[in-house]
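Q: I've got a protein chain open on my screen. Can you walk me through how the chain is put together?

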Amino acid sequence: MANQKLDTLGDLSRHGLLVLFRCPGCGRESRFEPRDMILTIGLSRTIRDIRGACSWCGRRGVRAEINPHSLKPDRPRTATPDGRGKS
Ligand SMILES: [Zn+2]
């Protein structure tokens with residue numbers, strides 16, 4: 001079963017996806033490598049729980065989203081079963 005759970009920074013990193021912040025105040029979008037964010041806030045942080053501040057207008061509480069079109073095309077989408085079976 002190819003159940004692609006995409007909840008945490010670790011999941012995004014594994015799938016080659018980026019984190020997107022879209023500011024509701026000024027409409028600016030910024031994207032971040034999940035790897036960089038993992039270093040500061042941790043691998044298991046849920047994307048929907050992440051809030052940022054807009055660097056353009058200073059608005060706070062900007063929600064993080066998964067950037068849906070950031071799959072790196074040169075990266076084979078292999079299903080790796082590890083990391084799920086921790087009991
Ligand atoms: Zn803004």
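Q: Let's start with the hairpin of S1 and S2. Which residue there takes a positive phi?
A: Gly 27 does, with a positive phi near 80°. The hairpin has 6 residues between its two strands.

Q: Before we go on, what kind of model is this, and how do the numbers work?
A: This is a predicted model: local features need pLDDT of at least 70, side-chain atom pairs count only at pLDDT 80 or more, and totals for chains, interfaces and linings use all residues. Residues are numbered from 1 along each chain as its sequence is written.

Q: OK. How many helices and strands are there?
A: The protein chain has 2 helices and 4 strands. Here helices (H or I, at least four residues) and strands (E, at least two) are DSSP runs, numbered from the N terminus.

Q: What pattern do they follow along the sequence?
A: The pattern reads α-β-β-α-β-β.

Q: And what is the order of the strands in the sheet?
A: The order is S2-S1-S4-S3, in an open sheet with antiparallel pairing. The edge strands are S2 (29-32) and S3 (51-52), and each pairs on one side only. Two strands pair if DSSP finds at least two bridges between them.

Q: How many bridges do S1 and S2 have?
A: They pair over 4 bridges, in the antiparallel sense. In one of them, Phe 21 has Ser 30 in S2 as its bridge partner.

Q: What about S1 and S4?
A: S1 (residues 18-22) and S4 pair over 4 bridges too, also antiparallel. Leu 18 has Asn 67 in S4 as its bridge partner.

Q: Then S3. Which residues stand opposite each other there?
A: Arg 51 stands opposite Arg 63 in S4. Gly 52 stands opposite Val 62 in S4. S3 and S4 (residues 62-67) pair over 2 bridges.

Q: New topic. Which residues make up the largest nonpolar core?
A: There are 12 residues in all, including Leu 9, Val 19, Met 37, Ile 47 and Ala 64. Helix H1 (9-15), S1 and S4 each supply at least two residues of this core. The largest share, 3 residues, comes from S1. A nonpolar core is a set of buried Ala, Val, Leu, Ile, Met, Phe, Trp, Tyr and Cys residues joined through C-beta atoms within 7 Å.

Q: What counts as buried or exposed?
A: A residue is buried if 20 or more other C-beta atoms lie within 10 Å of its own, exposed if 12 or fewer, and partly exposed in between; C-beta atoms are placed from the backbone.

Q: Why is Arg 31 called partly exposed?
A: Because Arg 31 has 13 other C-beta atoms within 10 Å. Arg 31 lies in S2.

Q: Last one. What share of the residues is buried?
A: Buried residues make up 16% of the 87 residues in the protein chain.
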